[in-house]
Amino acid sequence: MSNTREELIRTEKLQKIFVVGGGFARSKLVAVDDVNFHVNKDEIFTLAGESGCGKSTVSKMLLGFLEPNEGKVYYKGEDISNLKKWKDKKGFMKEVQSIFQNPFETFNPLRKVDSYLYDTQKHYGMNHKGRVVEESLEAVGLDISEVKGRYPNEFSGGQLQRISIARALITRPSLLVADEPVSMVDASLRMSIVNLFKELRDKRHVSVLYITHDLATAYYVSDRIGIMFRGNIIEMGDVEDVLMNPKHPYTQMLKESIPEADPKKKWTERISIKELETEEYMRKGCKFAGRCPYVMEKCKDNMPEEISVENRMVRCWLYE
Ligand SMILES: Nc1ncnc2c1ncn2[C@@H]1O[C@H](COP(=O)(O)OP(=O)(O)OP(=O)(O)O)[C@@H](O)[C@H]1O
Ligand code: SF4
Ligand SMILES: [Mg+2]
């Protein structure tokens, strides 16, 4: 793991509890628990996991949209909960930009898309940067003449997602937080969008927190990866180590579900078992104990700690 590199953002012991159900069925769901990771400068870090494992909840806390019950987020060493003044919050938002899943929801269908780009430029006081809109579009492979005066419905999902990335680049951010940015994009265009993240990292020194349930794009684009399961990161390290030589029984199961000959096959096709979600979330010990082939007595009552093994972190009692 590359600990010597400059760190941009770090989470420490992040926890989020939701109250779910009503009446007598009301209960607490610890949707995110003890989540610790960081994103370095010039790095693509991926948080991957099946639907409902807590990825978006982590990203919302990281962006300051949602308050954690426990834990902290540090951006360039500063606790973001200390950013009280509007000016400081705006400064953080300028450096940490987000990209959402559905570009058609990012843009109002009745507004020309270029107006968003110019408004963002104005909002963040980037007016002195003459060609910032044009340059941001060029960075995503588009020319202003292809965009000017056109409405969202005149673009494909892939083109519109490129435009929303261009909009995010206007503030010259250090970090993009991209929550499932390609899941609404045509399968044939997904790789070209994730390729763009690599280009932005290499040419513009933009780091990316890529959030996805798609292991194929995750493997292709990431420098490091954290695998989430029911609110915890259960394995984290360099992408090659974690996905090609997984140590956690859950990651091992994931790897088997993506045959090397067909990396496009998604885990969700085989192992997304929605009914199990609540039961597993409520487990006291290891959340994977109900499905783990190596389960031991200890696993049932004790949540595994973060254990360092072969160049990565694993949360599993097998490696104690
Ligand atoms: N506002 C909320 N109130 C109650 N429960 C919530 C809330 N937001 C999320 N949850 C629950 O927390 C868990 C984690 O949800 P989250 O949206 O973070 O998962 P995710 O990994 O982003 O899933 P997906 O891949 O479907 O986007 C889920 O069980 C979800 O139902
Ligand atoms: S802690 Fe126990 S149940 Fe959990 S993954 Fe490891 S061996 Fe399996
Ligand atoms: Mg989500």
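**Figure 1. Contacts of ligand 1 with Cys53, Gly52 and Lys55 in a predicted model.** A backbone N or O atom of Cys53 is 3.2 Å from an oxygen atom of ligand 1. A polar backbone atom of Gly52 lies 2.7 Å from an oxygen atom of the ligand, and a polar side-chain atom of Lys55 lies 2.9 Å from an oxygen atom of ligand 1. Taken alone, ligand 1 exposes 630 Å², of which the protein buries 65%; accessible areas come from the Shrake-Rupley method with a 1.4 Å probe, and for residues only the protein chains shown count as cover. The model is predicted: local features need pLDDT of at least 70, side-chain atom pairs count only at pLDDT 80 or more, and totals for chains, interfaces and linings use all residues. Residues are numbered from 1 along each chain as its sequence is written, chains are lettered from A and ligands numbered from 1 in the order in which they are written, and side-chain values use heavy atoms, with hydrogens and water left out.

**Figure 2. The shell around ligand 1.** The ligand is surrounded by 15 residues, the closest being Ser51, Gly52, Ser56, Thr57 and Glu277; a residue is near a molecule or strand if one of its heavy atoms lies within 4 Å of it. Strand E1 (7-20), strand E2, helix H1 (55-62) and helix H13 (276-282) each supply at least two residues of this shell. Helices (H or I, at least four residues) and strands (E, at least two) are DSSP runs, numbered from the N terminus. H1 gives the largest share, three residues.

**Figure 3. Helix H1 and the residue that follows.** Six of the eight residues of H1 are buried, namely Lys55, Thr57, Val58, Ser59, Met61 and Leu62. Buried means under 20% relative accessible area, exposed over 50%, and partly exposed in between (1.4 Å probe, protein chains only). Gly64, which follows H1, has a positive phi near 80°.

**Figure 4. Salt bridge between Arg315 and Asp34.** The closest N and O atoms of the two residues are 2.9 Å apart. Arg315 lies in the segment after E12 and Asp34 in strand E2, so the pair ties together parts that are 281 residues apart in sequence. Arg315 is buried, with a relative accessible area of 3%, whereas Asp34 is partly exposed at 22%. A salt bridge is a side-chain nitrogen of Lys or Arg within 4 Å of a carboxyl oxygen of Asp or Glu.

**Figure 5. Two further salt bridges and a network.** The side chains of Arg10 and Glu7 form a salt bridge of 2.7 Å, N to O. Both residues are partly exposed, Arg10 at 27% relative accessible area and Glu7 at 33%. Glu154 and Arg150 form another, with their closest N and O atoms 3.7 Å apart. Salt bridges that share partners also join Asp34, Glu306 and Arg315 into one network. The whole structure holds 21 salt bridges.

**Figure 6. Positive phi at Asp42 and Lys76.** Most residues other than glycine have a negative phi. Asp42, in the loop between strand E2 (27-40) and strand E3 (44-48), has a positive phi of about 55°. Lys76, in the loop between strand E4 (70-75) and strand E5 (78-79), has a positive phi of about 45°. Asp42 is partly exposed at 25% relative accessibility, and Lys76 is partly exposed at 46%.

Definitions and conventions:
A polar contact is a pair of N or O atoms within 3.5 Å; within protein, one must be able to donate a hydrogen and the other to accept it, and residues adjacent in sequence count only if both atoms are side-chain atoms.
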